[in-house]
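This report describes the fold of a single protein chain, beginning with a helical position and moving on to the overall dimensions, the sheet and the confidence of the model. Please consult the sequence and coordinates shown here alongside the text.

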Amino acid sequence: MMVLLVSVTVLLVIISAAQILKIAELSAISKGVKVYEISEKDNRVQAVLMLVFLVFYFSFFAWQYLKWSHLMLPVSASEHGVGVDSLMNVTWLFIIPVFIITHILLFWFAFKYAFKANRKAVFFSHSNKLELVWTLVPSLALTVLILYGLNNWNKIMTPVNSEEDHVLIELLGQQFSWGARYAGDDKKLGRANVNYIEGANFMGIDSTDNNCKDDIVVKGEFHIPVNVPVQFVMRSNDVLHSAYMPHFRAQMNCVPGMKTQFNFVPTITSKEMKKITNNENFEYLLLCNKICGAAHYNMQMNIVVESKEDYAKWLSSQKKFGSSLPNPSEGGALVETQK
Ligand SMILES: [Cu+2]
């Protein structure tokens, strides 16, 4: 009922506005005013408005910068992130001057060349030199940016050499939480499959695989050692998620039915970052960056970066997956979750 009333009111307002305009137009015509002709004055007003808009436009950007720049990410906490940041900065260096110059020209030209009855436009059909310049300059700029970007991309996406000292962690996304699994002493993640998901075994770890016995599964928070390469393997239990660790400039999709990977070397501990950001409550975060459902916004996990010693201490205090399995010698069966 309310909707109908509002709709009728809006309709009536539109009709009366149209009628009032029509009356104003007719009365002007009856007084001999040429209402359909654009006057010299109209053109001048429009031209000045272009300059007013130019000033408003840049003031708005400046205001946004001052108002929101404190929300920008702090310095990169990973080795490769420094490269990502400089790639971003170099891109800005190209884009911002071009943005400012083209927009000043755009609105200035609209002002300067507003219609004047006694001015004739210059007829200019073709210039090879000009075409060469506006083709070569952007191509060169883009080539530099793309080559620089590809070079960074290749460095970032190469998986950690398994011979090298590293930490292997599997991240599992599901609506609406994360789980992390450490490979344990054997440095191997046991098999996992959605068919084995049952009760506390939300990661679907295959208990018949011996490699899974020393795996460590954690929720809510996971720890990583500083200055040691961390190899992540990502999976999803249900829909597309994206493992996003902004402080480490890391993001990778978690795709149902397949494994993806990302690796980085954390360089700043949580304690040090609290000092850098001057924020006692600072926490590194793993977020979901794919809108995956109603509680997507709440899908996160804390990450603690600490010294190698503290990390080892924390890891040894965590429960191994095998310890939660029934002991076969006591009559419990290991294989019973298969469906
Ligand atoms: Cu998600």
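## Position L150

In which helix is L150 found? In this predicted model, L150 belongs to helix α4, which covers residues 128-157.

Is L150 buried or exposed? L150 counts as exposed, because 10 C-beta neighbours lie inside 10 Å, and the limit for that class is 12 or fewer. The separation between L150 and R191 is 41 residues in sequence, while their C-alpha atoms are 33 Å apart in space.

## Helix α1

Helix α1 comprises 29 residues, spanning positions 2-30. The distance from its first C-alpha to its last is 42 Å, close to the 42 Å expected at 1.5 Å a residue. The number of buried residues among these 29 is zero, so α1 lies largely in the open. Just after the helix, G32 adopts a positive phi of about 90°.

Because I14 has 10 C-beta neighbours inside 10 Å, it counts as exposed. Its C-alpha atom is separated by 41 Å from that of A295, a residue 281 positions away along the chain. As a general point, an α-helix has 3.6 residues a turn, so residues three or four places apart point the same way.

## Overall dimensions

The protein chain contains six helices and 10 strands. Its radius of gyration is 31 Å, whereas a compact globule of 339 residues would have a value near 20 Å. Along the principal axes, the C-alpha atoms fill a box of roughly 105 × 65 × 40 Å.

Of the 339 residues in the chain, 19% are buried. Among contacts between residues at least 6 apart in sequence, 70% join residues at least 24 apart.

## The five-stranded sheet

What is the strand order of the open sheet of five strands? The order is β3-β2-β1-β5-β8, and the pairing is mixed. Strands β3 (216-219) and β8 (260-264) form the edges, each pairing on one side only. Direction ignored, neighbouring strands of this sheet are turned by 25° against each other on average. In general, strands of a sheet pair through backbone hydrogen bonds, either parallel or antiparallel.

Strand β5 illustrates both senses of pairing, being parallel to β1 and antiparallel to β8. Seven bridges join β1 (residues 167-174) to β5 (residues 230-236). The pairing of β5 with β8 extends over five bridges, and Q231 has N263 in β8 as its bridge partner. Strand β5 is also mostly covered, with six of its seven residues buried, in contrast to α1, where the number buried is zero.

## Confidence

The mean pLDDT of the protein chain is 88, and 95% of its residues reach 70 or more. Over residues 329-339, however, the pLDDT is below 50. Beyond near neighbours in sequence, this stretch has 13 contacts in the model. Where pLDDT is low, the predicted coordinates should not be read in detail.

Key: Residues numbered from 1 in each chain as written. Predicted model: local features only at pLDDT ≥ 70, side-chain atom pairs only at ≥ 80, totals over all residues. Helix = DSSP H or I, 4+ residues; strand = E, 2+ residues; numbered from the N terminus. Expected span 1.5 Å × (residues − 1). Buried ≥ 20, exposed ≤ 12 C-beta atoms within 10 Å, placed from the backbone. pLDDT = per-residue confidence, 0-100. Contact = placed C-beta atoms within 7 Å. Rg over C-alpha atoms; globule rule 2.2 N^0.38 Å. Pairing = 2+ DSSP bridges. Axes fitted to C-alpha atoms, helices over the stretch in contact; angles between N-to-C directions.
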